[in-house]
Amino acid sequence: MTTIGDSRVIKTVCRICSGECGLDVYVHDGKIVKVEGMKEHPINRGEICPKAEAAIDYVYSPDRLKYPLKRDGDSWKRISWDEALTTIAQELTRIKKEYGSRALAVYLGQGIDYYENKWYARRFCDVYGTPGYYSVDSMCYRARVIAHRLTYGAMSVADQENSKCILMWARNEYNAILPRAKKALKALENGAKLIVVDPVRTFFAKRADIHLRPRPGTDCALALAMLNIIISEGLYDKEFVERWTVGFEKLAEHVKKYPPEKVEEITWVKADDMVKAARLYASTKPACINQGNSIDLQANGVQTSRALAIMQAITGNLDVPGGNIYSPRLRLTNLGFPKMVSEKPFGADEHPIQYEHTREGQAMVLIEKVISGDPYQIRAMIVSGGNPALQLPNYNKVKAALEKLDFLVVMDVFMTATAEFADIVLPAATFLEKTELLDFGAVMGIPYVMLRKKVVEPIGEAWPDWKFWFELGKRMGYGEYFPWNDVREAIDVLLKPTGYSAKILEELPGGFYYDYPRYRKYLDDGFLTPSKKVELYSETLEKYGYDPLPTYVEPNESPVSTPELAEEYPLILTTGARVLEYTHSQLRNIPQLREKVPHPSAEIHPETAKRYGIADGEMIVVKTKRGSVKIKAKVTEDMHPRVVHVQHGWKEANANVLTDEANRDPISGFPAIKSLLCSIERLGR
């Protein structure tokens, strides 16, 4: 902490989105007065986005939850934390006695931090005895982590800043995490080539050397065609392939099934453009692939990510500067007690590899099981920083599941659509009102550690999430497992294997590198796979009954697989593209952000608008076989003529009324929500 003028300047890390950007927060008389980017932070180097610029309004919003609330008929009654904890403890004790510990489920979102919160929430689940721990990892990011680990043993990230060729696949970085986007822009200024794969003309697509616009849901076919071109033309790194991969001959034979001409029919992408893109990526060194969540949310998302990971490896772009790199992680104490739990969570049997890699259940299966009660009924749920009513697919099913619970507790910063279903609502501290440990090696591929620090006291009676889990554990009689009164004590336990401590991190407030950047680490120890090599052919997948080589699967709902349905719903629906001002369902109550994006919209191409007689700004109905939403049309040349994009996270027009959780990636369990069928019409017809 330093002092500038009358203000203290505290270095911390933003958590309004998952970007984890360093901040300098100015505090005067116990109140935040200014927020700036931390110039020395490796993630953002002083840059911040509109969300971080609105951090003061976020913390001091009049809409903040300030006190615990208890449902009183159709209204809410303010209660004390003592009453809230007593009520929750009594209900959980009763449910455990009557139905067993497995009748409790816990769901964690990203709304009030996630990385450290999960350690304490999991510890509580283990001590209580429930296997029912679930999180946002059921449909965000984890699928590609699984794919990368299966292929070369670690999660890699794109080193865009040092790259000579960036392949941005289903990733609209400019609307997601602006400081990272600026690193990519710097590379372009330095002469890097850019390939964008996206059905939408995004910010970066407009600046690309090559823009491929595949039919949503067909990315795997396109990736396999590019692998076919790279291998057949000998554009791969022969020395690396021979020494550091297994299964290359099988891969080379397999991708012959995906010639560009055939894949053109599948993807809408011209064969010549595929060839140009594959040649540019494979022949430019170093090159990296920066992929987005849209790939994860497809019927074969893991296999698509595997195809891209293989592309990185065989072209010699793995763990090299400017390629796709991975970092060591801090070796932290495991705070869990898995031996105290005798069963597996819902989803572990259906998606065993997902469970093996995450040790948590699959929330898509949880919702289904809450409704069916088979093989047992979930009676209670605690939701911390998550908003499944707006974020999980198939809203009507999620609503039915939430309404079927005997007891629901929601902890969040604001009253959310999910909190409105709750029996108890708890006020959560924001990221600027609490302290948390951050390992950037785990979340960003950079061997850097820092504390996210409490810069001001929480508003009202808001609590940090760690305090809720600690105090609930004590109230339940688990005090020996939650002996800490301050989060720094728990952080010291976590850090014990490293030799660091909370005190050391506080003395180095800007964080520090715990390892130096090292490349081609496999030369010393090989890869963290069973063979110690890059597994192009995965015997692990084969053992579980999955395709050992990436294989394209047509979306369950598409013009090809369901032509009859496509007659009624002729357009392809995609949802969830990022909006720079918002993070999923958050921040719409912050005036300076809402002014920039005041209402939800469905984006359609001018040709589509003309065909359906729709004008820009007109209210329309978007419909799938699951339901419909009324939403304002945004007519834009950026959208593909056969695609409709509906923004997500809006209560006024919940995109997840349209989506479906039933068709899942067999490996990850992620829902295939990026390539559904829909129809549109003007409202009032």
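This is a predicted model: local features need pLDDT of at least 70, side-chain atom pairs count only at pLDDT 80 or more; totals for chains, interfaces and linings use all residues.

Trainee: Why is proline 42 called buried?

Mentor: Buried means under 20% relative accessible area, exposed means over 50%, and partly exposed lies in between (1.4 Å probe, protein chains only). Proline 42 has a relative accessible area of 7%, so this residue is buried. Its place is the loop between strand E4 (31-37) and helix H1 (50-53); helices (H or I, at least four residues) and strands (E, at least two) are DSSP runs, numbered from the N terminus.

Trainee: Which residues are in contact with proline 42, leaving aside its neighbours within four places in sequence?

Mentor: They are Lys183, Ile446, Tyr448 and Tyr513, where contact means heavy atoms within 4.5 Å.

Trainee: What makes tyrosine 500 partly exposed?

Mentor: Its relative accessible area is 24%, and therefore tyrosine 500 is classed as partly exposed. Tyrosine 500 sits in the loop between helix H21 (487-495) and helix H22 (502-507). Not counting residues up to four places away in sequence, tyrosine 500 touches Leu330, Leu495, Phe512 and Tyr514. Tyrosine 514, 14 residues apart from tyrosine 500 in sequence, is 9.9 Å apart from it in space, C-alpha to C-alpha.

Trainee: What makes strand E19 and strand E21 edges of their sheet?

Mentor: The open sheet has 3 strands in the order E19-E20-E21, with antiparallel pairing. Strand E19 (436-439) and strand E21 (512-513) each have a single partner strand, so one side of each is left without a neighbour in the sheet.

Trainee: In which sense does E17 pair with E16, and over how many bridges?

Mentor: Strand E16 (residues 380-384) and E17 pair in the parallel sense over 5 bridges, with valine 409 in E17 as the bridge partner of isoleucine 382. E17 also runs parallel to strand E18 (residues 424-427), joined by 4 bridges; here valine 410 has valine 425 in E18 as its bridge partner.

Trainee: What makes E17 mostly covered?

Mentor: In strand E17 (residues 407-412), 6 of its 6 residues are buried. Phe407, Val409 and Met411 are buried on one side, and Leu408, Val410 and Asp412 on the other. In a regular strand the side chains alternate between the two faces of the sheet.

Trainee: How many disulfides does the structure hold?

Mentor: The structure holds 0 disulfides. Cysteine 17 is in no disulfide, and the nearest cysteine sulfur, that of cysteine 49, is 5.6 Å away. Cysteine 165 is likewise in no disulfide, the nearest cysteine sulfur being that of cysteine 288, 7.7 Å away. The definition requires a pair of cysteine sulfur atoms within 2.5 Å.

Trainee: Why does cysteine 17 count as buried?

Mentor: Its relative accessibility is 15%, so cysteine 17 counts as buried. Cysteine 165, at 0%, counts as buried too.

Trainee: What makes a space a cavity and not a pocket?

Mentor: On a 1 Å grid over the protein atoms alone, a cavity is a set of points where a 1.4 Å probe fits but cannot get out, whereas a pocket is an open set with protein on both sides within 12 Å along at least five of seven lines; lining residues have an atom within 4 Å of a point. Grid points are joined across faces, edges and corners, and a volume is the space filled by probe spheres set on the points. The count comes to 6 cavities of 30 Å³ or more. The largest cavity holds about 80 Å³, and its lining includes Cys14, Cys17, Cys21 and Cys49.

Trainee: What is the volume of the second largest pocket, and how many residues line it?

Mentor: Its volume is about 230 Å³. The lining has 14 residues, of which Asp237, Phe240, Trp244, Arg520 and Tyr522 lie nearest the centre. Helix H9 (238-244) and helix H23 (522-525) are the elements that give two or more residues to this lining, and H9 gives the most, with 4 residues.

Conventions:
Residues are numbered from 1 along each chain as its sequence is written. Side-chain values use heavy atoms; hydrogens and water are left out. Two strands pair if DSSP finds at least two bridges between them.
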